[in-house]
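Student: I would like a close look at one part of this fold. Please start with the terms, then go through the part in detail.

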Amino acid sequence: MSDKSIKEAIIQELTRCKQDPIYFCKKYYMIQHPTKGRVKFNLYPFQEACLKIFLKNPFNIINKSRQLGISTLSSGYALWLMLFHTDKNVLCIATKTETAKNMVTKVKFGYDNLPSWMKIKTIENNKLSIRLSNGSQMKAVSAAGDSARSEAVSLLLIDEAAFIDNIEEVFISAQQTLATGGGCIAMSTPYGTGNWFHRTWIKAEAKENNFIPIRLPWTVHPERDQSWIDKQDVELGPRAAAQECDCSFSTSGDTAIDPIFLNWYDTQTIDPIERRGFDNNLWIWERPDYSRQYAVFADCARGDSKDYSAFHVFDIENNVQVAEYKGQIGTRDYGHFLVGIATEYNNALLVIENANIGWDVIQTVVERQYANLYYSPRQEAAMVNVEMYLDKFESGQGMLPGFTMSQRTRPLCISKMVSYINEKSVTINSKRTMEELRVFIWKNGKAQAQNGYNDDLVMSLAIGMFLRDTSLRYKQTGDQLTIKALEGISRNQNYLGPAVYNSGMTNNNPQSTWTMDDGYGNQIDLTWLI
């Protein structure tokens, strides 16, 4: 073949590659297979379909199963973009620099194994970046908030987007340059709900943003069958397998509550029968029944920030949520509001967290002389340094008003709430409460709201479940014993009459001792009655 013919063939081949990234990847893009070594990237049908979508739509979000080769596919697409277009800037972002570097490594391996006539001279080639003489480049960075701010990004690759805490800040910083004609491929296995990846996916499905949603469960891979997923269930566990293989948001993540129970409770929520209050944020499911006992569990906020004041009203006996509030309200107004709702529900036990701004709310309640206010042991309050503010309301018995959420009580409260939910022993009617439970996650060893969300309803619920299993149970037991004792008195009087023991009684000592059976075989001293 003459030099002219060779040159024409090369031009023809380059033209075809430029027009068709699928052809380029299948014929010229070499990858490192984990078991086969260096091989051509023989695309599966679902991978070809993804590339076609990339070409038509600049913004794509991929909810994928594990090990589908999507990051490899994205690296092949990035190399094609850099080779056949000038001045393209590809930025790869991941949780850590090392993870982002893997994408650059794939691009560099693919570039190094291209035929010599296809290569473009590199003017920069290191572990974290590669720059070609046509002005195109690729760089790997970690997910720092300003990692994309100074870049003129043509293609933003976000790897494992669901696992990046501050990815929203990164994306916002990159949007200025992306808006001028760039694109983004955000790919990840799901990791719970409420994070940027989940929110962006939901909006993409609803066509409320520019992203095209691409869902790739394990079943799209032609070499996977039921035996493969069964093996994943054994190796990973059903919950992790659902996250890694089924593209399931609802069963993934580090939620404090098992998603299986969250899904069940979601089906149990109902609309309130009434919405009232100055902001219509007081939701009512059951109006007061004057034969029932209730408790109000309240969390406090300043009223002018991102946090909310929140409370639940529970029927103590059957543990049913009968009312709920979540809103932004001033502390003094909140105190009056709590007294009003507690009074309405049969002078309910009123439990208010006494940390921080709760002091002002409690002071309002005390000034209103509400009689059924919960008190905590002073030693608990001392652990969070609140006793100095509440000393003037001390009960005289070493008790301070309000519930103290301390380092000791917080995990106990959360653990008790989780137990009640796992046992389905509490009725949660509110969709708002369930929304908060969905984003209440384990982070750095502590159960807390996911970044950008609140846990006001969750924490007031946790306080309620903890107290129901401790203080309220003890109180209920005491009430029952009192009733039993009085029943015993009545029963004994009916058939025995008052028992007067005259043993040792003399004219000089006419005092007698009265006792009655308490119904359990124990004698109660009733001398105080006479």
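Tutor: A residue is buried under 20% relative accessible area, exposed over 50%, and partly exposed in between, using a 1.4 Å probe and protein chains only. Keep in mind that the model is predicted: local features need pLDDT of at least 70, side-chain atom pairs count only at pLDDT 80 or more, and totals for chains, interfaces and linings use all residues. Residues are numbered from 1 along each chain as its sequence is written, and side-chain values use heavy atoms, with hydrogens and water left out.

C17 has a relative accessible area of 0%, so it is buried. A disulfide is a pair of cysteine sulfur atoms within 2.5 Å. By that rule, the count is 0. C17 has the sulfur of C25 as its nearest cysteine sulfur, 9.3 Å away, and is in no disulfide. C245 is in none either; the sulfur of C247 is its nearest, at 8.7 Å. C245 is also buried, at 0% relative accessibility.

Now the chain as background. Helices (H or I, at least four residues) and strands (E, at least two) are DSSP runs, numbered from the N terminus. The protein chain has 18 helices and 23 strands. Of its 530 residues, 49% are buried. A contact means heavy atoms within 4.5 Å. Among contacts with a separation of 6 or more, 65% join residues 24 or more positions apart.

The close look goes to one sheet. Two strands pair if DSSP finds at least two bridges between them. Here 6 strands make an open sheet with mixed pairing, in the order β11-β12-β15-β14-β13-β16. Its edges are β11 (274–276) and β16 (349–352), each pairing on one side only. For angles, axes are lines fitted to C-alpha atoms, for helices over the stretch in contact; values run from 0 to 180 degrees between N-to-C directions. With direction ignored, neighbouring strands are turned by 15° against each other on average.

Strand β13 (residues 294–299) pairs with β16 in the parallel sense, over 4 bridges. F297 has V351 of β16 as its bridge partner.

Two helices belong in this picture. Helix α11 (residues 331–344) packs on the sheet. Helix α11 touches β11, β12 (282–284), β13, β14 (309–315), β15 (320–327) and β16, and its direction makes about 10° with that of β14. Helix α17 (residues 456–469) lies across β13, β14, β15 and β16, at about 35° to β14.
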